[in-house]
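Dear colleague,

I am handing over to you the structure below, together with an account of what was found in it. Please keep it open while you read.

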Amino acid sequence: MTSLVTARNVTKRFGDLRAVDNVSFEIEKGKIMGLFGPNGAGKTTLLKAVLGLTDCEGQLSVLGLDPFRQRKELMRNICFIADVAVLPRWIRVSQLLEFIESTHPNFSRQRAEELLSRTKVRGDAKVRELSKGMVTQLHLSIITAIDARLLVLDEPTLGLDIIFRKEFYGNLLNDYFDGERTILITTHQAEEIENLMTDIMFINDGRILLDSSMETLPDKYFELISSGEDADRARQLGPIYERDVFGKKVMTFEGVDRERLAGLGETHTPSVADLFVAKVKGAAA
Amino acid sequence: MIANQLALIRRELWEHRSIYVAPIAVAIIMSLVSLAGMVTASAFDNEVRLAILGASNMVGDAERQAALTVYFLGTSWVFLFTLAILTVFYTLDSLYAERKDKSILFWRSLPVTDAETVISKLLTAIIVLPLVAVAAIVATHLVNLVVTSIWISIKGGDAGHLVWGSVALLDNWLAALVVTFASAMWMSPFIGWFLFVSAFTKRMPLLMAFMPLILVPLIELIVLRSSYFAEAVFGRGGMMPLFRGMDMEEFFDEDHMAVKEELIRLLAHLDIAQFLTSPSLWAGVIVCGLLTTAAIYVRRYRDES
């Protein structure tokens, strides 16, 4: 496996604050990595460092390049949607396609127009005349028409209604992802990309709390629903987090053999959202 | 590199349509004003016929040429003034608007460097805007000459002799071209300063650009009791070295009560060699280069979040 992104002890300071604190990870080719973290956790700063938009300490290599110092070369093979609102409002769709065609060696205008013909976005429309959902369709069509090796999405569906959100991820998988390309994505709506991700990473206070493939997640983490004495016994095995649901105790365990809890209650694999809460709150406790 | 620059400059024209809309509007207004003048003058039919007769028979070629050149010069100055205002607003907006509408992250997601982007805005300000101004000057002159000739013909004058035979078109236009581009070069430190403010300021670029130009000389005067900064800044608004050899009194030959024919050539009054060898021109160009570099660094290193 070739690693597209390699971070070794990456730190980004803003004065005394360490927005990203000594972080190390790798993203391999063909993966869809979901990055989760509460607001202010350092997600966006980390993405910016990966995109070469901000300098950082430590070693960071993206597609074998130093992202900050070799940004132009990097941008030929990397795409990003940082926020749905970033397309300039004054530009016409056709002008936008023309500009990207003349500055981006890996952009296929024909492909973009083909993708756009499936939507209501017209070539002579200005971006400011489009609805938020249409702007996202436009942006995704552009990104999909760029033959890039790494796609970075930062909250790509923020502020969109459920239909556009579903469609966005559907198109992303059908039109963009082909097993060769790699995606790094952050979103608050974990459940939306839960079935899409191959890998997952949690970040809080600038540090990585979890870095795992989705396949091995059920081996490492599970939830136990229990009550009464069974719950007390389970608690002795050191759950990382415990919450109450309808009078029962739901405990999240990390790296504990499931067999040892057999008979103490019902076990299942936690959803990404629940696991996220358990890891963040558990780390804080 | 060059393909990127062309695409970037074309983008500037898409975004800032005032670059060509404003000169076209001024050209239309000026043509309408001169047309209105002729229509009004038509009310005094006899006087007009007399004037045309006088111009045809009594006024010498040199005087007619001088009169037309003065009119042409007036038109050109209006466009130079328009250019100055356009340049201020364009450069101040060029690196500010993309941050205000948050499109900067999108532009930076394309394989275009910050240097290429900022340089495209500089080139737009010192090459594209002056070119548009010169084109507007030429177009306005032509439209007005054609309209005037038609009018004179209707009134029974010989337009070919009165207008086209008397006007040194090429001389006027070359002079306009030289003066326009020389002005852009001469004022380039201000263009650099506006680009830097545009990249740097968080709000009110116009105020942020002009306040230091007024406050710094004031502070210098109060604290140091000197005025070097004021002279460097406002002195530039005065005469360019291009015009240094010019003496308006020489235009008129008092002994013969006539305009000196050889002096009507505008180009003859422009000292291009002196302009291009003037240290203060190149000092200004260097200041422009430094401020543009600063603008590139601000765009590259500032964290927009």
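Predicted model: local features only at pLDDT ≥ 70, side-chain atom pairs only at ≥ 80, totals over all residues.

The largest nonpolar core has 92 residues. Within this core, the residues that touch the most other members are A:Val50, A:Val62, A:Ile78, A:Leu150, A:Val152 and A:Leu184. The core lies between domain 1 (3-213) and domain 2 (217-284) of chain A, because both domains give residues to it.

Where the two chains meet, 22 residues of chain A are in contact with 19 residues of chain B. On the side of chain B that touches chain A, helix H1 (2-15) and helix H6 (104-107) of chain B each supply at least two residues. H1(B) gives the largest share of that side, namely six residues. Sorted by class, this side of chain B has eight nonpolar, six charged and five polar residues.

As for chain B as a whole, its secondary structure consists of 14 helices and two strands. The chain has 305 residues, of which 33% are buried. Among the contacts in chain B with a separation of 6 or more, 84% join residues 24 or more positions apart.

With kind regards

Methods: Residues numbered from 1 in each chain as written. Chains lettered and ligands numbered in written order. Core = buried A, V, L, I, M, F, W, Y, C linked by C-beta atoms within 7 Å. Buried ≥ 20, exposed ≤ 12 C-beta atoms within 10 Å, placed from the backbone. Domains from an automatic or database assignment. Contact = placed C-beta atoms within 7 Å. Helix = DSSP H or I, 4+ residues; strand = E, 2+ residues; numbered from the N terminus. Nonpolar A, V, L, I, M, F, W, Y, C, P; charged D, E, K, R; others polar.
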